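User: I have a structure to go through with you. Let's take it in short questions and answers.

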Amino acid sequence: MRTGPIELAPTTTAVILERLKTSSTPTSRSDGYRVALVVEGGGMRGVISGGMLLALEQLGMRDCFDFIVGTSAGAICAAFFTTGRATEGSVVYYTELNDAPFLNRRRMFKLQPAMDLDYLIDEACTERGLSFSEVAASDLPVYATLSAATAAELSEPGTDADSNIERSEWPRSTLMQLVGDDDHIASVLKATATLPVLGGPSRSIDDVLYVDGGLTEQLPWRSAATLGATHVLAAPSRPVVGGDERSAMNLVERLTVGNVVKALHGDYVAELLQTMPQRANAEIAALRSIANGTGTALTWDYAGWHGEVEVIDLPIDTPIPDRMETARPMLVDAMSAGAGAVLAHFGFDEISVEHRITLNHPRAKVARFPSEALSDIVSEIATPSPAA
């Protein structure tokens, strides 16, 4: 029989700050933990999680993670982050992406996708410095979640898909690491962001059709668990509130799901989209309960995983952009809100954010610092001297 006190695992924040202090890197670890950063997308709403990654990058925390799992726009933000370009990546939302040629609602009247994902990945992101070869060679692996566009029917005998899908029968995400040649990585990033109707037809990778990863997993903490994470930091693109009702479809999607989605993607994707609100709400309730310590993964069909989970919390009153938001002030404010939420999460009262992290600290000779000059100061703030 075991005697003595039970050793509790350190929190995700504690592991990250210790790694920051010791300058630990993904290829040089001694603590035995695997810390995952999981990033939500949601079309233009991804500017919020992009702002979170901007702050993590400028705080010098990029090397504190062992891998990243991103969904939809979250995977694109993660690709910028792993190459040290999260700041540049967050800019793209309120410059190139909030107008044509990427986003044009009027194209839908011509039965064309409102979002041009080829332009997004092949032009806008690469012009902002995203290098697919650097992503593939990075020591911080990035995984994208995708949703298969064809699969067995969701409804099993005795299961009412419209009211109560058994969790064990829920569709699972397909995980793809961003490795290989440029064309493959570009294809994965386009597929994970292919919102039904809005992003065009399903995308083919190795002769399999895929659509937006958010149809099966919006904030991919479960996928991080399957990849062996011991600690998870979740970067959401909207508040994570237990009991909150997340609506999966905007007005356009609700009007088109019956016919257009079926015609463009097939019956299975239409059913995924229709049942997503119920699944998303249950997933968020599970994540919130685990992060709060009031539930465990065992309760939610992940027996055997006992990781530590933290969520970067947005204030409840944060204005949340629509997935097709075009107003630049809204997008800029949303980016700043995401970055500010990171500072609040780690308790960095001496740091503020505009687009670059700014410091109010005795060692700060100037207000603005490039990200590579920040980590020593941030580490000092995070671990004050005993006399402080």
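User: Which residues does Thr82 touch, not counting residues up to four places away in sequence?
Analyst: This is a predicted model, where local features need pLDDT of at least 70, side-chain atom pairs count only at pLDDT 80 or more, and totals for chains, interfaces and linings use all residues. Residues are numbered from 1 along each chain as its sequence is written, and side-chain values use heavy atoms, with hydrogens and water left out. Contact here means heavy atoms within 4.5 Å. On that basis, Thr82 touches Arg62, Ile68, Val135, Ser138, Leu140 and Val142.

User: Is Thr82 buried or exposed?
Analyst: Thr82 lies in helix 3 (residues 73-82). Helices (H or I, at least four residues) and strands (E, at least two) are DSSP runs, numbered from the N terminus. Buried means under 20% relative accessible area, exposed over 50%, and partly exposed in between (1.4 Å probe, protein chains only). The relative accessible area of Thr82 is 2%, so Thr82 is buried.

User: What is the length of the polar contact between the side chains of Thr82 and Ser138?
Analyst: A polar contact is a pair of N or O atoms within 3.5 Å; within protein, one must be able to donate a hydrogen and the other to accept it, and residues adjacent in sequence count only if both atoms are side-chain atoms. For the side chains of Thr82 and Ser138, the value is 2.6 Å.

User: How many of the residues of strand 1 are buried?
Analyst: Side chains in a regular strand alternate between the two faces of the sheet. In strand 1, one side carries Val35, Leu37 and Val39, the other Ala36 and Val38, and both faces are covered. Strand 1 spans residues 35-39, and the buried count is five of five.

User: What is the handedness of the β-α-β crossover from strand 1 to strand 2?
Analyst: The chain leaves strand 1 and passes through helix 2 (residues 46-58) to reach strand 2. View the strands pointing away from you: if the path from the first strand over the helix to the second runs clockwise, the crossover is right-handed. This crossover is right-handed.

User: And in strand 7, which residue stands opposite Leu37?
Analyst: Strand 7 covers residues 231-235 and pairs with strand 1 in the parallel sense over five bridges. Opposite Leu37 there stands Leu233.

User: How many salt bridges does the structure hold?
Analyst: Side chains of opposite charge can pair when their charged atoms come close. A salt bridge is a side-chain nitrogen of Lys or Arg within 4 Å of a carboxyl oxygen of Asp or Glu. The total is 15.

User: How many residues apart are Asp118 and Lys190?
Analyst: Their side chains meet in a salt bridge, at 3.1 Å from N to O. Asp118 sits in helix 5 (residues 117-127) and Lys190 in helix 7 (residues 182-192). The separation is 72 residues.

User: Which residue forms a salt bridge with Glu283?
Analyst: Glu283 is buried, at 16% relative accessible area. The closest N and O atoms are 2.7 Å apart, and the partner is Arg222.

Terms used:
Two strands pair if DSSP finds at least two bridges between them.
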